[in-house]
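Q: Can you take me through this one? I'd like to start with the contacts.

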Amino acid sequence: MTRLLLLRLPAGSDLHEGIEALAREHGIRNGLVRGGPGSLMRAALQAGGPPIEAPGPAAEILTMVGELCDGVADLHGTVGDPDGRVYAGRFVRGRNPVCITVELALEALD
Amino acid sequence: MTAVVAGPARHARVLLEGGQTLMEAVTGAMAGLGWRSATLLILGGPMARAVFHTSVLTPGGPRWIDYGPPREVAAPAWLVMGSATFGEALDGGPALHCHAVLSGPEGVVGGHLAPTTCVLGPEGLVAHATSAAGARFRVVREAASGFDLLTPA
């Protein structure tokens, strides 16, 4: 049986670091990230080429899945901008600040 | 930041019943499982009605940012994939926060779905739900943003 951690990241927190900090606090180094919805002030994703930036004021996280491996988050998904345009790829570390909230679940695999 | 450790993870594959609003379909599926809260991954399928919002700045308003006017995807609309949090509203009733990628004749778009306006196609949608006993998402009114937000409790 694996245990589940329910998370909410508040405005201003960093997407990757926020997940990693809460996981550390609860002694989780490895797990599955099951993203619920959320919003970012702007989003940066990468899919083979240079990072693509989705503008704010709120770039909505439409889907997100990922993993925590040795305490480091790796997140993939899709984002929608204020015009409804969709961007897809791997969330770029340090470039996805939370706008209002991000809701997710982390399933521990330790 | 908020985190609540729940009990052992539990998973379920559910059918969100066709012809219902997104809110009715998710609430019904969760009631069938006896779950009060879950994180959901919604798989793709047809929508009878797909309405979504994106964000707009609202200077001078009660909150600095808000949902813009509803936008409807013309038929035939398709939900490509979605994510959702189901939990408990301030009044104790169900609350649903859902974002999704949608597709229609004008291309692929995405945003915040209007849960009581979106209607599933007749065959419904499959969703994978994750939850655990001992913790749930519950709406809390956040003074800083002015939003009612689903928060682990």
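Q: What share of the contacts in chain B with a separation of 6 or more comes from residues 24 or more positions apart?
A: 69% in this predicted model, where two residues are in contact if their C-beta atoms, placed from the backbone, lie within 7 Å.

Q: And for chain A, among contacts between residues at least 6 apart in sequence?
A: There, 71% join residues at least 24 apart.

Q: How is the numbering done, and what are the limits on a predicted model?
A: Residues are numbered from 1 along each chain as its sequence is written, while chains are lettered from A and ligands numbered from 1 in the order in which they are written. The model is predicted, and local features need pLDDT of at least 70, side-chain atom pairs count only at pLDDT 80 or more, and totals for chains, interfaces and linings use all residues.

Q: What's the confidence?
A: The complex gets an ipTM of 0.96 and a pTM of 0.96 from the predictor. Chain B has an average pLDDT of 95, with 99% of the residues scoring at least 70; pLDDT is the predictor's confidence in each residue, from 0 to 100.

Q: What secondary structure does chain B have?
A: One helix and 12 strands, in the order β-α-β-β-β-β-β-β-β-β-β-β-β along the sequence. Helices (H or I, at least four residues) and strands (E, at least two) are DSSP runs, numbered from the N terminus.

Q: And chain A?
A: Chain A has one helix and eight strands, following the pattern β-α-β-β-β-β-β-β-β. Its radius of gyration is 13 Å, close to the 13 Å that the globule rule gives for 110 residues, so chain A is as compact as a globular protein of that length. The radius is taken over C-alpha atoms, and the rule is 2.2 Å times the number of residues to the power 0.38.

Q: How much of each chain is buried?
A: In chain A, 53% of the 110 residues count as buried, and in chain B 41% of the 153 residues do. A residue is buried if 20 or more other C-beta atoms lie within 10 Å of its own, exposed if 12 or fewer, and partly exposed in between, with C-beta atoms placed from the backbone.

Q: Which residues touch the most other members of the largest nonpolar core?
A: A:Leu7 and A:Leu106, out of 78 residues in that core. Strand S8 (98-108) of chain A gives the core its largest share, eight residues. A nonpolar core is a set of buried Ala, Val, Leu, Ile, Met, Phe, Trp, Tyr and Cys residues joined through C-beta atoms within 7 Å.

Q: What is A:Leu106 in contact with, leaving aside its neighbours within four places in sequence?
A: Its contacts include A:Leu5, A:Leu7, A:Ile19, A:Ala23 and A:Leu68. A:Ile19 and A:Ala23 are among the buried residues of H1(A).

Q: Switching to the interface: how many residues does each chain put into the contact?
A: Chain A gives 41 residues and chain B gives 42 residues. On the side of chain A, S1(A) provides the largest share, eight residues.

Q: How does S1(A) pair with S1 of chain B?
A: The two strands are antiparallel, over five bridges, and A:Arg3 stands opposite B:Pro8. Strands pair if DSSP finds at least two bridges between them.

Q: What else does S1(B) pair with?
A: S10(B), in the antiparallel sense over eight bridges, with B:Leu16 and B:Leu125 as bridge partners. S10(B) also pairs antiparallel with S2 of chain B over four bridges, where B:Leu40 has B:Ala129 as its partner.

Q: Why is S10(B) called largely enclosed?
A: Because six of its eight residues are buried.

Q: Where are the cis peptide bonds?
A: One runs from A:Gly56 to A:Pro57, with omega near 20°. Another joins B:Ala75 and B:Pro76, with omega about -5°.

Q: And what is the phi of A:Asp70?
A: Positive, about 50°, although A:Asp70 is not a glycine. A:Asp70 lies in the loop between S5 and S6 of chain A and counts as exposed, with 6 C-beta neighbours inside 10 Å.
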